[in-house]
Structure formats: C-alpha cells, structure tokens
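Hi,

Here is the structure we talked about. Please open it alongside this note.

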Amino acid sequence: MPKTYTPKLAEIEHKWYLVDASGQTLGRLTAVLARVLMGKHKPTFAHHIDTGDFVIVVNAEQTVLSGRKEDDKIYHRQSGRPGGLKSDAAKDLRRRRPVKMVEEAVKGMLPKNKLGRQQLGKLKVYAGPSHPHQAQKPESLPTSALRA
C-alpha cells in the first residue's frame, strides 16, 4: 500500500509573485490568488501544511465587478457592540478602502482555521501600482494561471 507524501518543512520553497489587478474580474482573480496562497499549484501540496507562495497584488482599486454588483453587493462589519452593524455598498468600499475588497474575497476562499489565517498573511494588497517588496524579487504570475 503506497504511503501519502508529506513535504518536510525544509523542502518547502515560498516564491513571491506579483499580480496586476487592473481590469481583472474580482472573483476570478481572487480564486487564482487563493489557489496560489494555499499551494495547490505545486506538486508538493498538502492540506495540513502551508506550502503556498507569497502574492503581491497591485492596482487593487482597478478590479472589475461583473453585472450590477457595484451597486448591489453589500459588505457588512460588526463592531461587537449592540447596534454596531455597519454596511457599505461595493462602490463605497472601493472608494474608501479598495484593498479591503480583494482581501475579503480571498479570505472567503481560504480555510477557516489557523492555517487559513497564516496563508492570508502572505497576501500583500496595494491600491496603487507601487509596492515595498522589490527586495524579494517577485516574479510575475503567469497569465495562464489568471485566465484559468
């Protein structure tokens, strides 16, 4: 009976990828980002170990929502106090905090446990075209991965 392969922590390499989100559909983009953050694109993928890569997203304010979601999609947050529920339409959230739209979409696609929170920490999102991670020498994520 074959044994299940589990990668050793020393064998795992974490690459840095750069993604330009301008003109990309939010849901399709974040599905690819979640896949890369989890490490499902690697042959050494394991559900219980963080084998994923770091992802830098630039131009988050230029993502596109399909249909009428710009007006109809509502983002909720709760302060923890009675009556503390606040709601924003997608267009208001994009104007106020464009990075939050991408982060929330990716967060919903990751596991809801410690591992998912660790993977979400490897996502770096910026509203504009500049980022402070040049020292990590990020590679461009292949466009074939963004189209799939």
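**The pocket and its surroundings**

β3, α3 and α4 each supply at least two residues of the lining of the largest pocket. Helices (H or I, at least four residues) and strands (E, at least two) are DSSP runs, numbered from the N terminus. The largest share of that lining, three residues, comes from β3. Among the lining residues are Tyr75, His76, Arg77, Lys100 and Glu104. A pocket here is an open set of points on a 1 Å grid over the protein atoms alone, where a 1.4 Å probe fits, with protein on both sides within 12 Å along at least five of seven lines; lining residues have an atom within 4 Å of a point.

This is a predicted model: local features need pLDDT of at least 70, side-chain atom pairs count only at pLDDT 80 or more, and totals for chains, interfaces and linings use all residues. Residues are numbered from 1 along each chain as its sequence is written, and side-chain values use heavy atoms, without hydrogens or water.

Now helix α4, residues 98–107. Pro98, Met101, Val102, Ala105 and Val106 are buried there (under 20% relative accessible area, 1.4 Å probe, protein chains only). They cover an arc of only 120° around the axis, which puts them on the same side of α4 (the arc is that of the directions from the helix axis to the C-beta atoms). These buried residues pack against α1, β3, α3, α5 and β5 (contact: heavy atoms within 4.5 Å).

Last, tryptophan 16 is also buried, with a relative accessible area of 16%.

Best wishes

How values were computed
Buried < 20%, exposed > 50% of the residue type's maximum accessible area, 1.4 Å probe, protein only.
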